[in-house]
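Look at the fold shown below before reading on.

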Amino acid sequence: MPYLRVEVTGPIDPAVRRELLTRTAELFAEITESPIERIRTEVLELAHDAFAVGGIPIADSGELAPFIAVEVLAGRPLAQHTALIERVSPLVADILGARLDRTRLRITEIQPEDWGIAGVPAAAARRDEIEARAGG
């Protein structure tokens, strides 16, 4: 289920897009201890005049301000959340050549009954893993 989306103003060089997709997936899998086959990553390219920081469009400031949205099933340890923030943010900033202080990351937890895997709620499809993380 782990899902990671990087939103950034474009245009993005195809090699940079590929590097973002690959390296964030590898790091996400490592941190969450998930098989990489389960990791979903996306790079969403925004128009320079469609995104602003402090009311100033990126087109006017000329500085990238990447936004990273992460979705994980609820119940993951806080240490994983912290590692995602501390390790994914600088990786994305580095790949894009953006300033780290302009990079933001948000983690959203999804309840296992609210996420589907192969037409089945994750609560059923990943029951053993979810129970193991919960200590039960």
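What follows is a walk through this structure, which is a predicted model.

Begin with the overall layout. The protein has 5 helices and 8 strands. Read from the N terminus, these elements come in the order β-α-β-β-β-α-β-α-β-β-β-α-α. The C-alpha trace spans about 50 × 30 × 30 Å along its principal axes.

An open sheet is formed by 4 strands, arranged in the order 2-1-5-6, and its pairing is mixed. At the edges stand strand 2 (40–46) and strand 6 (104–110); each has a single partner strand, so one side of each is left without a neighbour in the sheet. From one strand to the next, the twist averages 15°. As background, the strands of a sheet pair through backbone hydrogen bonds, and the pairing can be parallel or antiparallel.

The pairs can now be taken one at a time. Strand 1 and strand 2 run parallel and are joined by 7 bridges. One point to locate is T9, whose bridge partner in strand 2 is L46. Between these two strands the chain passes through helix 1, and this β-α-β crossover from strand 1 to strand 2 is right-handed.

Helix 1 (residues 14–32) lies across strand 1 (3–9), strand 2 and strand 5, and runs at about 145° to strand 2.

How do helix 1 and helix 3 lie relative to each other? Their axes come within 10 Å and cross at roughly 165°. An angle over 145 degrees counts as roughly antiparallel, and helix 1 and helix 3 are therefore roughly antiparallel to each other. The crossing of helix 1 past helix 3 is right-handed. On the helix 1 side, the residues that make the contact include V16, L20, L27, F28 and I31. On the helix 3 side, A83, L84, V88, L91 and I95 are among them. The residues of this contact divide into 12 nonpolar, 3 polar and 4 charged. The charged ones include E19 and R23 of helix 1 and R87 of helix 3.

In general, most peptide bonds are trans, and most residues other than glycine have a negative phi. The peptide bond from G10 to P11 is cis, with omega near 5°. P11 is found in the loop between strand 1 and helix 1.

Key: Residues numbered from 1 in each chain as written. Predicted model: local features only at pLDDT ≥ 70, side-chain atom pairs only at ≥ 80, totals over all residues. Heavy atoms only, no water. Pairing = 2+ DSSP bridges. Axes fitted to C-alpha atoms, helices over the stretch in contact; angles between N-to-C directions. Contact = heavy atoms within 4.5 Å. Parallel < 35°, antiparallel > 145°, perpendicular 65-115°, else oblique. Left-handed = near helix turned anticlockwise from the far one by under 90°. Right-handed = clockwise from strand over helix to strand, strands pointing away.
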